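Here is a short note for a colleague who has not seen this model before. Please read the points with the structure open.

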Amino acid sequence: MSDPSETGWMRRAALLLTGQAFSLLGSSVVQFAIWWWIVMQTRTGSAMLLATLFGVLPQSLVSIFGGPMADRYNRKALIILPDLIIAGVTVLLSVSFALDWASLSLIFVVLLIRSAGGGIQQPAVQSFIPDVVPAGKLLRVNAIFGVIDSANRIAAPALAAVLVNLVPLWAILLVDVTTAVIGVGFVAMIRVPRAIARNSAVQDSAVRNGTVPDGTVPSDAAEAQGNGATAGATGSAVADPIAVLRRTFADLKVGLAYAMHHPHLKGVILGDALTCLMSVAPMNLTLLLMTREFDGINLNLGFMNLTTASDKLAANELGLSVGMLLGGALMSAIGPKLLRRNVAQMYAVALGIAMVGVTVIGLGVSRNLLLYLIIDVLNGVASAVCVGPMRTVMQSESDESMVGRVFGLDTMLSTLGMPLGMLIFAPLADVIPIAWVFVAGGLLTLPVAWYVLMLSRKDVPVRA
């Protein structure tokens, strides 16, 4: 039987990727502007810790619900609604800055809401891709997604650096509102193939009737998918917070058991989480590293003269983003040819994690600004090498009814790993040389790569 997503998939993928490109651009510009404001106002590890907790931890907690929601409800709506809510609170923050009412506490609240929206949106986006893209094109689309993400990361800090020097912060915040509306418009035009929607309905019915293998989807989650005959029961379940929590944690338990019994899924999920704990958490301190270690050091790159703090912070983000762009382009060009087998994709994940560890060590020991930026680029390449294959493994090796929970679990653990790491590394950065924090984080990442490599060699169950 032909894949129903084969027909018209390029248009659907283009709409999704374009919509996400606009959404990512606005979010990145605002995120950089807010983070730079916090860094330049405080210059302390404790402030960065709080910014990370409010900006990351809510996404981890909300993704507990976001993954099952992506399996149960309309995924396109779960992509669009968080964007609109985030745009609304960003308008409020913009108004508060314009009226000089803004404070660090208010910024933390807005970061919390933006992060919570990501906890719903991210699993929905990753679960939506297999709905609109054929299985054989997933790695290519994920790699292109990585290229777009990297291009946005290149454009966003450059744009933010220009805007910070030209316009007040309240005006910069409105960039996110504009791009969110544009992005929502593109995603709203996507039409999911009817055959896929029909197959999902048939699968839901089979689950309710007990004709699919036990443990694939919990019955209460399937019932929550609902149709006209079960709308009343679903509505009452949604209205009862205790029932919602009970069902959600049941979904999470099943998703966790499913992923942990699948060596490849276990490898990419735990590998992602542990890498965020060991390396990505210290990487959030690069802004602090730049302001401390390279204060008063100027660098003329020819096309850019790094003199001010905002110039160096922008260069730091640009270096990482250029590397991610190069790595994403590399994976898009050769990945579909060299990484056709899932085992090869797992090898790429392990290699990428090892490269991340090595480059994080390099960032810590570098005392030359130019060398630092070169290593920063290589760190971006390493990130791109593992991110695309990670997503592809989760999409291609998960049962259709479980893909939302798998991505929700990954989002929860990876985003939880970052603030947990910051709880350790950020206070240390105020009492020991910050370079030591990077060296420790990079060294602790290397065993994670070995762990993923070992799991890649284990047999995996046949996908249902």
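**Notes on helices and ring contacts**

1. Start with helix 6. Its 20 residues reach 30 Å from the first C-alpha to the last, close to the 28 Å expected at 1.5 Å a residue. Keep in mind that this is a predicted model.

2. Which residues of helix 6 are buried? They are Leu-169, Ile-172, Leu-173, Asp-176, Val-177, Thr-179, Ala-180, Gly-183, Val-184 and Val-187. In an α-helix there are 3.6 residues a turn, so residues three or four places apart point the same way.

3. Next, the aromatic rings. Searching the whole structure gives two aromatic pairs. One is Phe-22 with Phe-186: the ring centres are 5.8 Å apart and the planes meet at 10°, so this pair is stacked. Planes under 30 degrees apart count as stacked. The partners come from distant parts of the chain, 164 residues apart. Phe-22 sits in helix 1 (residues 9–42), and Phe-186 in helix 6 (residues 169–188).

4. How accessible is each ring residue of that pair? Phe-22 has 28% relative accessibility and therefore counts as partly exposed. Phe-186, at 25%, also counts as partly exposed.

5. Now take Phe-54 and Phe-108. Their ring centres lie 5.1 Å apart with planes at 5°, so they are stacked. Phe-54 belongs to helix 2 (residues 45–72) and Phe-108 to helix 4 (residues 104–132), so the pair ties together parts 54 residues apart in sequence. Phe-108 is buried, because its relative accessible area is 7% and the limit for buried is under 20%.

6. Ser-46 is placed in helix 2. At 42% relative accessibility, Ser-46 is partly exposed.

7. Then look at helix 15, residues 369–397. Its 29 residues should span 42 Å at 1.5 Å a residue, and the end C-alpha atoms are 42 Å apart, so the two values agree. The helix is mostly covered, with 22 of its 29 residues buried.

8. What caps the N-terminal end of helix 15? Asn-368 does: one of its side-chain oxygens lies 2.9 Å from the backbone nitrogen of Leu-370.

9. Finally, a charge over a ring. Arg-391 lies over the face of Phe-145, 5.2 Å from the ring centre.

Note on methods:
Residues are numbered from 1 along each chain as its sequence is written. This is a predicted model: local features need pLDDT of at least 70, side-chain atom pairs count only at pLDDT 80 or more; totals for chains, interfaces and linings use all residues. Side-chain values use heavy atoms; hydrogens and water are left out. Rings of Phe, Tyr and Trp (its six-membered ring) pair if their centres lie within 6.5 Å; planes under 30 degrees apart count as stacked, over 60 as edge-to-face and the rest as tilted. Helices (H or I, at least four residues) and strands (E, at least two) are DSSP runs, numbered from the N terminus. Buried means under 20% relative accessible area, exposed over 50%, partly exposed in between (1.4 Å probe, protein chains only). A charge sits over a ring if NZ of Lys or CZ of Arg is within 6 Å of the ring centre and within 35 degrees of the ring normal. The expected span of a helix is 1.5 Å times one less than its number of residues. A polar contact is a pair of N or O atoms within 3.5 Å; within protein, one must be able to donate a hydrogen and the other to accept it, and residues adjacent in sequence count only if both atoms are side-chain atoms.
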